[in-house]
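Let's take a friendly walk through this protein model. Have a look at the structure first, and then we will follow some of its strands.

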Amino acid sequence: MKVGFIGTGSMGSLLIESFINSNALKPQQISASNRTHSKVTELARRYPGLHAAQSNRETAAESDVLFICVKPLESKAVTDEIRNVITEEQIVVSITSPVQIRILEHALKAKVSKIIPSITHQVGSGASLCIHGSRITEEDRTLLEELMSHISRPIRVKESYTRITSDFSSCGPAFLAFFMDQWIQAAVQATGIDRTELCALAGEMIIGTGKLLTEGGMTPAELQARVAVPGGITAEALALLDISLHSVFPELIQATHNKYEEDMQKVDVSFGLKPINRQQY
């Protein structure tokens, strides 16, 4: 199987490196192209056998599965460029959430899926969100999800839930890292403890908490109840968080959905379509 990548920025290069490091793909199976060709040649230097294509058309023409890893408003230019070399047998995977499957199926003859990855795939962890188009067969689904299973846990979701699920799987690591950074910074200022030591401790805590919520079968509420003894220190701190963060998460969801709606409308316009207001919040 030949796998191509159009776009080798932050997430495109992360996927390539993760697939190679997990032995899901050999460098010889991969072709890649990028607007800045030197980025691709650097990948080819680090992973001998990887083909640094001269154009997106070249990458598309020689790929059985083609990942499009570009910004939302670059998608129209890419689909226009590769349209004439894409066949009905190929699978095109977009990792850009605001670009709807209906748009890609209209623009290209290929079978289309959308897979939303996460930075956590760099360490072979986290969920990848899989949204499959109408032309994708069960065999195609299996192929894509088995590929993603080498670096993540593939989870099928409805396209209408792309944004809210991405808030957790894709944006979530940054949100959680922000919370931890603020907490660590406050702890360092209050006590003088070494920041590196706390970062390591926090990382182990997050790993353990994740395992309790997955392998341990606990819900977030059950985990809190197990740790927070009535009248104890944890319960006192949770009461403060409940008051302080009461409106934060509804506002966070509103903010991400507003931006998502804005991006989808811009994508619609770029493809010559009339914008549709799909806002649910």
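## Strands side by side

V3 has V65 as its bridge partner in β4. These two residues belong to a pairing in which strand β1 (residues 3-6) and β4 run in the parallel sense over 4 bridges. Two strands count as paired if DSSP finds at least two bridges between them. Helices (H or I, at least four residues) and strands (E, at least two) are DSSP runs, numbered from the N terminus.

On to another neighbour: β4 is also joined by 4 bridges to the parallel strand β5 (residues 91-94), where I91 is the bridge partner of V65. To get from β4 to β5, the chain passes through helix α4 (residues 75-82), making a right-handed β-α-β crossover. Right-handed means that, with the strands pointing away from the viewer, the path from the first strand over the helix to the second runs clockwise.

## A covered strand

Are the side chains of β4 buried or exposed? Strand β4 (residues 65-68) is covered on both faces, with V65 and F67 buried on one side and L66 and I68 buried on the other. Buried means under 20% relative accessible area, exposed over 50%, and partly exposed in between (1.4 Å probe, protein chains only).

## Two domains

The domain assignment, automatic or from a database, gives domain 1 (3-157) and domain 2 (171-250). Their C-alpha centres lie 35 Å apart.

An unreviewed UniProt entry annotates residues 159-262 as "domain: Pyrroline-5-carboxylate reductase dimerisation"; UniProt positions are given in the numbering used here, feature names are shortened, and annotations may be inferred rather than shown by experiment. This span is 80% helix and 0% strand, and its end C-alpha atoms lie 17 Å apart.

## About the model

This is a predicted model, where local features need pLDDT of at least 70, side-chain atom pairs count only at pLDDT 80 or more, and totals for chains, interfaces and linings use all residues. Residues are numbered from 1 along each chain as its sequence is written, and side-chain values use heavy atoms, leaving out hydrogens and water.
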